[in-house]
Amino acid sequence: MLLPEVYSQPASVRGFVFEAESRRPLQGATIVLRSAGEIRRGTVTDGDGYFILPRVGPGSYDLTASFVGFATYRDLVTLGAGEVLERNIYLPESPGSLDEVVIEEQLDTGFADVKAGLQSVAPTDVQRVPVPGAGTDLAGYLQTLPGVVSQGDRGGQLFVRGGSSDQNLALLDGVPIYQPFHIVSFFSAFPEDIIDHADIYTAGFGAAYGTRLSSVMDVTARNGSKQRFRGSVSVAPFLSGARIEGPLIPDRVSVVLSARQSLVEEVTPNFLGQKLPYRFGDRFGKIHAFLGPRQSVSISFLDTDDKGDIAGTLKTFDGEFAPDLPDDDPEVRWSNRAVAARYSMLPRGAPLLIELGGGHSRSENEIGASDNPERQATIESLEGYLKVTVFAGTTELRAGGQWRKTDVEFALGGQFQNLDSSAEDETESRVFLETVHGRAAGALRINPGLALYNTAGRPIRLEPRLRLTASPSLPYGAHTINAAVGLYHQSVVGLNDERDVGSIFTVWVPAADSLDLPSAIHAVAGWTGRFPNGFGAAAEVFVKEFRELSVPEFSAFPSFTTTLQSADGTALGADLRLDIRGRPFVAGSTFDGFVSYTFTDVQYRTATLSYNPSQHRKHQLNVVAHTERNGVGFTIQWQYGSGFPFTESAGFDEFQVLGPTTDVTKEPGITRVLYDTPFRGRQPAYERIDVWLDKEVSLERARVTIRAGIINLFNRDNLFYFDLFTLRRVDQMPFIPSVGIKVEVL
Amino acid sequence: MRHLHACLIIGLCLPSISCETFEDTTLDPFRGQGRYYTVYGFLDVAETEHVLRVIPIRRTPEEITAPSEANAFIDAVVWSTDLDTGRRVGWRHDLSQLSDGTLAHIYSASMRIEADHAYRIEVIRSDGAQSSAVTVVPSLSTSIGPVVDPAVVFQSEAFQKVHLTGVPRAFDITVLYEVSDGGVSLPHGARVEREYGAAGAVDADGRWSFEIDLSRDAAAILETVMTDPGVVLELEEMGVRARWVDEQWPAFADRTDLNLLGQPGGVSNVENGDGFVGSIGTYTRFWRVEDAELKAVLGFR
């Protein structure tokens, strides 16, 4: 019944937009149809460079495609009734082209554009936040986003708007990556120069996403150049790497390969006298091929490894270096290995986009000696998905299904949260339907969605989602008001020792059959404003209500042995972000920067107490300021985070199992820490200032970037971990100078 | 406009620098104050000497290996007060060697403990800070006597259920048998005690219920009590002696998972401190055995 109606629609124009030189898809390019000088239809390309302009009346139009930094494409097209015109457009680079037309539906890339928990991140956004070395990394940028909290500069875990780290879904080309960050938190598993774009949902994600309670980070890797080989090499103590890309079959098949490896473990001990015993790296590859004018296929591969002694350099209780303290903290290791495949097709003559994909992902996590680990945990998943997008009038319907089988295995060398060793599996399936770019009367857009979520042995769950967007006309600037709500479930959960924010060992397990499925309700609302002269601002408020979370009971002993209890939780907060881009500054320089502030309050409630869990960070402030002149850039970044909760101690005593026949004059007790009410104390605030100096030299076919900087300029003793039993503290990164060089062959 | 931008940057940087300069980065994990001593021990109505172990809650673990060590000194005095009579007793301090060779602070007192009375134990530091606990010695008055079910005889084996009212948990049960031989060899008769340990459980009515193996006990009695051959012993009375802990104690003792004891709500009855001070009651009651048929089955008259 649908097809005749579709064919009865007026004409449409669709196709892809690519960079002419590299043949890479261009996301965010503006496509406009004009008639008699007025815009009749407009849209922007998606992550594949795909666009469609539906419901166009028959006639002649000026078709233009534009993107900042590229020459504008113009053509005169004539459309017949019901015609579907396919047009693939190749835009050559043209640095002088800045006159991009802004379309209302333009995707949100950077510039304070946060829409109901969504921020779309382009490589140009990532480049705004330097990290040690000569490149940039998605992890560094994520930590500046409102609502994203990291443990600091080590540990590799992020908490998003009150959720715990296992409630984040990280996807690379549609396949989950279970440990997406390296042990040094400046770096993710995704180098900046393999990212095409990333959609970060900190709350209120739509029906297309599920299986996690808190957030989604959907990273799409870019395709390699299909015209010529190019690459880059970077050398820096923290992380050195190389990338090469090029055509396997010119204009049809491309490959991009990337590898990075840390050197910090070798460099810093002798140089700075402090141990940074971390070794990490990642390898990535992607092959992309056009199978025809309307079909493409890609295969991606990611392999990462991390290991390190999380304690690093120990200090005494009073903050003095303690080289004599036994360094008996075990080594932590984790790895990811993932393969993702994706096939997309535009059926001839039908306004459809069909995507078929799937992949395999495996992550291992262990602690202890490498030849005889104390604890091991593995998660492995196989999945497939099908998405169909129907362009029906002004409404885009997206429907799909997803199937995932997850196997977990763990051997814990003693009990860990009711667990010992086991192998379990869980099968999840979801189907969803949502409207995209739905449009109601006036300026209000309503995007409802619904998913059915099924896990073995449990009833099917309904997951309704709703997003609202309005663009009111106000006298100054362009404004968007948006809101989103949704219900979420998670059936495979990661268990950490939540008593201790320094704990990074995670065991993934299916949610306990005896408990209801963990769930969350999100509600988020916000405003985004763009103003003349490069200013932007965004504000959001959010609330997440969690149900049936599994949290550990609180032990008086320094072991991982503990049982679980059920908890409900509430996370609520507000964000504010101010953004300045490309403003003229003193002495002919330009200025660029942003300020983001987040207030978050997270409360967990068990049967016996209410507390702020270990990821609760009430205030977080990020300031990034960058100025540039004559190819020399200076960046200063200030991060401030109020102290994480921790459980204070009344001191040490002994515990005695007192029975009526116990002889207290003879029987010794067990030494214990006498904990106070859990998480009532607060760690000192986290604060760090980094400064960076960049120099970029452009040659005919190459670009050289040199970056020198200092991490923790004031050498502040930011606490990472405090062991209440041994009274030892571990601090975050000290003052560390860094230098790196990157050479890119263009 | 440019000056405005410069001011903006300076404005952003200055607060951070000032925070770097002045904000404290130290962490004192011992701010959870208000708890001074951990106390373990109990008062027992069956004893006249009572002991408590007192552990000062300190910033370092208490492991005293020699009397000369700093932790061997304790700034504490211990008093007990009978809250019903107001009688106050000071406890003596001693360092006692534990089975692992380390030393512990032990306080002892000589006094009689009365059932139904409440006692407050106070551990007082020289600056006045104190930890205290109140224990109520199990009441005899609430124990209205055992409810003894009719004996059950099955294939020459006899059993009898006994229900103790007002006893939340008995840990030491003895069944008492009063027998006589008519004054032939036992002019005052004989009492035979049969140990049942912690037998039994709480029944649906909240009573401590256990079962007496009458046949086994009778065989042991007939073997134990020496009288003239040909004399049949008379079973005159039976009784039960139960020792049981106060009402607070089972909640503490049931938390056998050591790792849960840091959980708020973990049981301690020590105010401004930790640990547990309990008390033990003793209950003894007799009843006449009137069932001649049962006596015959057991070999008595």
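1. In the largest nonpolar core, which has 86 residues, A:L138, A:L142, A:L172, A:I195 and A:V219 touch the most other members; a nonpolar core here is a set of buried Ala, Val, Leu, Ile, Met, Phe, Trp, Tyr and Cys residues joined through C-beta atoms within 7 Å. At least three residues of this core come from each of domain 2 (118–220) and domain 3 (221–417 + 424–644 + 683–745) of chain A, with domain bounds taken from an automatic or database domain assignment. A residue counts as buried if 20 or more other C-beta atoms lie within 10 Å of its own, as exposed if 12 or fewer do, and as partly exposed in between, the C-beta atoms being placed from the backbone.

2. The model is predicted, so that local features need pLDDT of at least 70 and side-chain atom pairs count only at pLDDT 80 or more, while totals for chains, interfaces and linings use all residues. Residues are numbered from 1 along each chain as its sequence is written, and chains are lettered from A and ligands numbered from 1 in the order in which they are written.

3. Leaving aside residues up to four places away in sequence, A:I195 touches A:P123, A:V126, A:L138, A:F190, A:V219, A:A221 and A:R222, where contact requires C-beta atoms, placed from the backbone, within 7 Å. Another core, of 79 residues, lies apart from the one described above, and its members include A:Y675, A:L719, B:L52 and B:V137.

4. Chain A contains four helices and 47 strands, and of its 746 residues 51% are buried. Chain B likewise has its own inventory, with four helices and 18 strands, and 32% of its 301 residues count as buried. Helices (H or I, at least four residues) and strands (E, at least two) are DSSP runs numbered from the N terminus.

5. Among the contacts between residues at least 6 apart in sequence, 64% in chain A join residues at least 24 apart. For chain B, residues 24 or more positions apart make up 68% of the contacts with a separation of 6 or more.

6. In chain A, strand β29 (residues 478–489) pairs in the antiparallel sense with strand β28 (residues 461–470) over six bridges, and A:A470 has A:I481 as its bridge partner. Strand β29 of chain A is also joined, by 12 bridges, to the antiparallel strand β32 (residues 519–531) of chain A, where A:V485 stands opposite A:A523. Two strands are said to pair if DSSP finds at least two bridges between them.

7. Chain B is divided into domain 1 (37–137) and domain 2 (147–244 + 283–298), and the centres of these domains, taken over C-alpha atoms, are separated by 39 Å.

8. Strand β12 (residues 170–180) of chain B pairs with β13 of chain B in the antiparallel sense over seven bridges, and B:Y177 stands opposite B:V192.

9. Helix α2 (residues 214–224) of chain B has B:L214, B:D217 and B:A218 buried. Seen down the axis of α2 of chain B, the buried residues fall within an arc of 100°, so they line one face of the helix; the arc is that of the directions from the helix axis to the C-beta atoms. These buried residues pack against β11 (157–164), β12, β13, β15 (208–213) and α4 (292–298) of chain B.

Key:
Two residues are in contact if their C-beta atoms, placed from the backbone, lie within 7 Å.
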